[in-house]
Amino acid sequence: MPHQELRWEAVLWAAGHRVTRQRALILDAVCAGQGHTSLGDVYARVRRADRSIDRSTVYRALHLFVDLGLVLTADTGGGETYYEIKKPHPHHHLVCRRCGDEQEIGAAAMRAVTDHVSREHGFQVATDHLVLFGRCRACRDADGV
Ligand SMILES: [Zn+2]
Ligand SMILES: [Zn+2]
């Protein structure tokens, strides 16, 4: 499981949080998303394993994992937040609105933009995980544009 590489128990302990079976289940449920997963998806997976866990417990645990840097979030722009197990390499996502295909791109692709914003506006961008929507190559080819 990819999240085992995170030594998440040690991270929780170090921050003064208990390692509980519920938290383990919730982190497993994020992991099972194999990439991006929504709060609703995580909740549904957790409930399959333990029906006593409520939605607010899942929500609070996800926020704790995000605060501790174990889980990444990305705003999809449609009011939904994606959760994902933190990966060792910074990256962004390209999501095709037509076919739903997702690809990852390296952080360097956005660096030119954030460097420009820093230079021109004196603003240091902290957003390091973006979901960009559009149309993939295959769909553009199919559409002939
Ligand atoms: Zn991601
Ligand atoms: Zn597509």
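Arg97 sits over the face of Phe133, 4.3 Å from the ring centre; a charge counts as over a ring if NZ of Lys or CZ of Arg is within 6 Å of the ring centre and within 35 degrees of the ring normal. This is a predicted model, in which local features need pLDDT of at least 70 and side-chain atom pairs count only at pLDDT 80 or more, while totals for chains, interfaces and linings use all residues. Residues are numbered from 1 along each chain as its sequence is written, and side-chain values use heavy atoms, with hydrogens and water left out.

**Overall architecture**

- The protein chain contains six helices and six strands, taken as DSSP runs numbered from the N terminus (helices H or I, at least four residues; strands E, at least two).
- Read from the N terminus, the order of elements is α-α-β-α-α-β-β-β-β-α-β-α.
- Along the principal axes, the C-alpha atoms of the protein chain fill a box of roughly 50 × 40 × 25 Å.

**Aromatic rings**

- Zero aromatic pairs occur in the structure; a pair requires ring centres of Phe, Tyr or Trp (its six-membered ring) within 6.5 Å, with planes under 30 degrees apart counted as stacked, over 60 as edge-to-face and the rest as tilted.

**Helices H3 and H4**

- Helix H3 (residues 39–49) and helix H4 (residues 55–67) have axes that come within 10 Å and cross at roughly 120 degrees; axes are lines fitted to C-alpha atoms, for helices over the stretch in contact, and angles run from 0 to 180 degrees between N-to-C directions.
- H3 and H4 are therefore oblique to each other (under 35 degrees is roughly parallel, over 145 roughly antiparallel, 65 to 115 roughly perpendicular and the rest oblique).
- Leu39, Gly40, Val42, Tyr43 and Val46 of H3 make the contact with Arg55, Val58, Tyr59 and Leu62 of H4, where contact means heavy atoms within 4.5 Å.
- The residues of this H3–H4 contact comprise seven nonpolar, one polar and one charged; Ala, Val, Leu, Ile, Met, Phe, Trp, Tyr, Cys and Pro count as nonpolar, Asp, Glu, Lys and Arg as charged, and the others, Gly among them, as polar.

**Helices H2 and H4**

- The axes of helix H2 (residues 21–31) and H4 come within 10 Å, crossing at roughly 75 degrees.
- H2 is therefore roughly perpendicular to H4.
- On H2 the contact involves Gln22, Arg23, Ile26, Leu27 and Val30, and on H4 Thr57, Val58, Ala61, Leu62, Leu64 and Phe65.
- The H2–H4 contact has eight nonpolar, two polar and one charged residues.

**Helices H2 and H3**

- H2 and H3 pack with axes 9 Å apart, at an angle of about 130 degrees, and are therefore oblique to each other.
- Leu25, Ile26, Ala29 and Val30 in H2 meet Val42, Arg45, Val46 and Ala49 in H3.
- The H2–H3 contact residues divide into seven nonpolar, no polar and one charged.

Terms used. Chains are lettered from A and ligands numbered from 1 in the order in which they are written.
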